[in-house]
Amino acid sequence: MRISRWTLGPALALSLSLITYPAVGQSSTPTNPSPAKVAVHGKATALAKPSVKLDGPKRGKAALKALGSQLSTAAKINGKSTANLQRVLGHDPTAWLNPEGRLFYADKFDRPKLSARTTTGSAAASVPPAPKPLSQTFLLHSIPGGADHTIYLDFNGVSLSSNSDWTQVGWKTGTYQGFSLDSDYSTFSDAEKAYIQHVWDVVAEKYSPFDIDVTTQDPGTAAYNRAGSGDPTYGDHVVFTDVKTGSGAKPKAVCPDGCDGISFTGSFDDVNDNSNAGEPTWIYTDSYDWYSGMAGEIASHEIGHTLGLEHDGLGTGDGDYGSGNDAYYQGSDLWSPVMGAGVGALQQFSKGEYANASNTEDDFAVMQTHGVSLRTDDHGGLDTPTDLGSQLTYDVHGVIESAADTDVFKITRSCGTNTHFRLVGEGGDQTLDPHVIVWNSTGTSQLFDSAAWIYADTTSYPRGQRGQVAQFQTALAAGTYLVQVEGTNQGTFADGGFSDYGSVGQYELTVSGCAGVTGAAPDVPASLTATQTPKTGTVTLNWDAPPSPGDGPVTSYRITGGPSGPVNVASTDRSVVLTGLDPGVNYEFGVAAVNAFGPGQPYTLEYQLQTWVPTTAPKMTATAYGTTVTLKWTEPSNAGRAVGDHWQVNVFVGSNAVDSFPVEYGSPGVKYTGVPPTRLTMTAQLYYTADIGTRSPTVKKTLDVGPSTPHIGTASSGASGGAINAVARWGAPTALRGCKITYWVVAAFKVSSTGHTATNPSYVSGHKSSSTRSLTAPLFAGKYRFRVQAAACGGFTNVSSASNIVTAR
């Protein structure tokens, strides 16, 4: 059979027009489709975040049963191991999952010890005096300059919208009342303001070791919501409300016996909480209007859940009080854990050191995995004491941030009379058990230890606002001494005591007893400037000496505001380098000159470090299956604390850009569908809001979409006599990548007497079955090479390499 003309179908003609065939002998590697002619216009869909589907909110063991095979996904959603989530749901009946698998706690604190220790009387009688003027009630801040992280205590009521995750578990949209003692929600009485101030005082004390501003002043939603993992500013919105069980904000299905507090676990730093989805945390005051301290402790407990903490109980934690398997541990008269339900004299964070503890997690360590950090140490240690100079009476305030923290002060006494030392915890329902040690001037000899004189008020409840005191009087000769302040323990857990693990918080130290000559401290330094080393957390402070050294020469300068706490430098220094500062944070630096009579007033300067975009590219994987390319990425290290805005993806075939699209920030990746077989290059960049730079470096991945190149087999020359033909043979692609072969196309190329292979085919087959692996091709007499191509996934594979030379005869 002789063929004089070849007719190609439209699809086949298209496929061959896209192929450039290398000359045989020059290259055996097939070329890719011509980039200029490949049309790639896929559809981009951001990858969904992990989720589960339940038919309603589920609690405890019922939640485990409903999860079934979704347990590991639910664990991932909540940042827990599968075993940990299984333990929590299996043993804690207060633990719930919403229909999307988000863990929350609905707490009801049955406190059987309470009745024996409750002071009867009106609500106002059970509220300690307000620590601040009543006019400041809604302007309270535990860190007056603010911080990256905020806990907003809201007593004004709240509006719940449909995008709140609480609506998935029975909450109704609408506006809910706030807190009141007299049912008048239009204004706050003096008694209500005092109640609110005590609640704030309790919560501020519990979280005083952390760089968190506890406030009653509405900071706006940006202060507690989070716009993705690059947003460093976030926290909690805690609502105090008098709504009753069965109302739209306290559904009976979740609170059949009432609830005292409800919170989503881990919501404090939730990167997806940019629209109040996990807000607010609920505190129900209707059962505790008689004592403000209890409302503050419940709020502290619920905030602990938002920072990832579980309950401190006994045994497996799945029984009632007194069973030995209590979901909440009550502690002793001296001590109880924040994440339990006790009324001990001190309520502290815990790491499960007591006998039969159901939970041995390190509370401080867990909370720091949710984005918060300990406060900058406010006073130096034995090696770098805070120099208070020579004064008749010393009065200094501070915070013990951890069990390892010691604050040390240098005092110079001008007399040899008895000296009175008094250290008292300052916070509401304080957490610090205070301890004082007096050393000689070099810190090498311990002169006095207050341990034997510690006093704890454990006889009444409600307990006093500030009940823990370490005080003593001793004779000291005139001279210089070091006074060390720290938290301490009382006995052991076995005898009803506690360790020093959670003995942290605010204090006031006073030292008095001398009468004598006083003098003037130095003036304020004449100037102060700050300069950031670009793209670092390093700032250099420069200052000038004070106009007057006071009644004595300047002996040193005290630098405050740095991450390592106060620093004393020599009197001749006029600059200091501070490292480890956080970009984007507004610091208040201070420099005070010190003489023998103490430090003068500091020159203070507010300075915000610039942010910058990452200098390394994101990490990204790219996979293809069928006509879909899936990109998964992780953000680069963000030392400059730039705020993420969106991802930008670009698509290339060869060097030609064929598509570009944004992907919302916070998405773990994107699916790009509708891609025909081709070699594709995809790039991604993360765009930011920052002081320096706008986007990250580019990450690039190149991959083949669709089946790999078919394998060409050994061709055979035609048999002598009869029809003129030759036989082509081939094999399937080694990688199908999710595609099925639809049909095959075989082409024969004439080889000249000089060995040159023609660019255009002399013969092209019709569509051959996907199962076909050989073809006897009718040809003109001569020498030929064969190539094959497969149709798959709406397009065509690369063309195979050329076969051996055969003779058509």
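Modeller: Let us begin with Phe210, which is buried, with a relative accessible area of 0%. Buried stands for under 20% relative accessible area, exposed for over 50%, and partly exposed for values in between (1.4 Å probe, protein chains only).

Colleague: Before we go on, what kind of model is this?

Modeller: This is a predicted model, in which local features need pLDDT of at least 70 and side-chain atom pairs count only at pLDDT 80 or more, whereas totals for chains, interfaces and linings use all residues. Residues are numbered from 1 along each chain as its sequence is written, and side-chain values use heavy atoms, with hydrogens and water left out.

Colleague: Back to the aromatic rings, then. How many aromatic pairs are there?

Modeller: The structure holds 32 aromatic pairs. Rings of Phe, Tyr and Trp (its six-membered ring) pair if their centres lie within 6.5 Å; planes under 30 degrees apart are called stacked, over 60 edge-to-face, and the rest tilted. One of the pairs is formed by Phe210 and Phe364, which is tilted, at 5.9 Å centre to centre with 40° between the planes.

Colleague: Which residues form an aromatic cluster?

Modeller: Trp96, Phe104, Trp166, Trp171, Tyr176, Phe264, Trp282 and Tyr284 form one.

Colleague: Which residue lies over the face of Phe264?

Modeller: Arg102 lies over that face, at 4.4 Å from the ring centre. A charge sits over a ring if NZ of Lys or CZ of Arg is within 6 Å of the ring centre and within 35 degrees of the ring normal. Arg787 likewise lies over the face of Phe749, at 5.8 Å from the ring centre.

Colleague: New topic. How many disulfides does a search of the whole structure find?

Modeller: The search finds two; a disulfide is a pair of cysteine sulfur atoms within 2.5 Å. One joins Cys255 to Cys259, with an S to S distance of 2.0 Å. The torsion about its S-S bond is about -105°, so this disulfide is left-handed. Cys255 is buried at 0% relative accessibility, and Cys259 is buried at 3%.

Colleague: Which residues form the other disulfide?

Modeller: Cys739 and Cys793 form it, with their sulfur atoms 2.0 Å apart. This link is left-handed too, with -115° about the S-S bond. Cys739 lies in the loop between β41 (725–731) and β42 (741–751), and Cys793 in the loop between β46 (782–792) and β47 (795–796), so the pair ties together parts that are 54 residues apart in sequence. Cys739 is buried at 4% relative accessibility, whereas Cys793 is partly exposed at 24%.

Colleague: Let us turn to the strands. How many residues of strand β9 are buried?

Modeller: Eight of the eight residues of β9 (residues 234–241) are buried.

Colleague: Which strand do six bridges join to β9?

Modeller: That is strand β5 (residues 149–154), which runs parallel to β9; two strands pair if DSSP finds at least two bridges between them. Asp154 has Val239 in β9 as its bridge partner. Four bridges also join β9 to strand β11 (residues 281–284), again in parallel, with Thr281 in β11 as the bridge partner of Val238.

Colleague: In what order do the four strands of the open sheet come?

Modeller: Their order is β1-β36-β33-β32, with antiparallel pairing. The edge strands, β1 (43–46) and β32 (619–625), each pair on one side only. Seven bridges connect β32 with strand β33 (residues 628–634), where Trp633 is the bridge partner of Met620.

Colleague: One last item: where does Ser300 lie?

Modeller: Ser300 lies in helix α7 (residues 292–306) and is buried, at 0% relative accessibility. A polar atom of its side chain lies 2.9 Å from the backbone oxygen of Gly296.

Definitions and conventions. Helix = DSSP H or I, 4+ residues; strand = E, 2+ residues; numbered from the N terminus. Polar contact = N/O pair within 3.5 Å; in protein donor to acceptor, adjacent residues only side chain to side chain.
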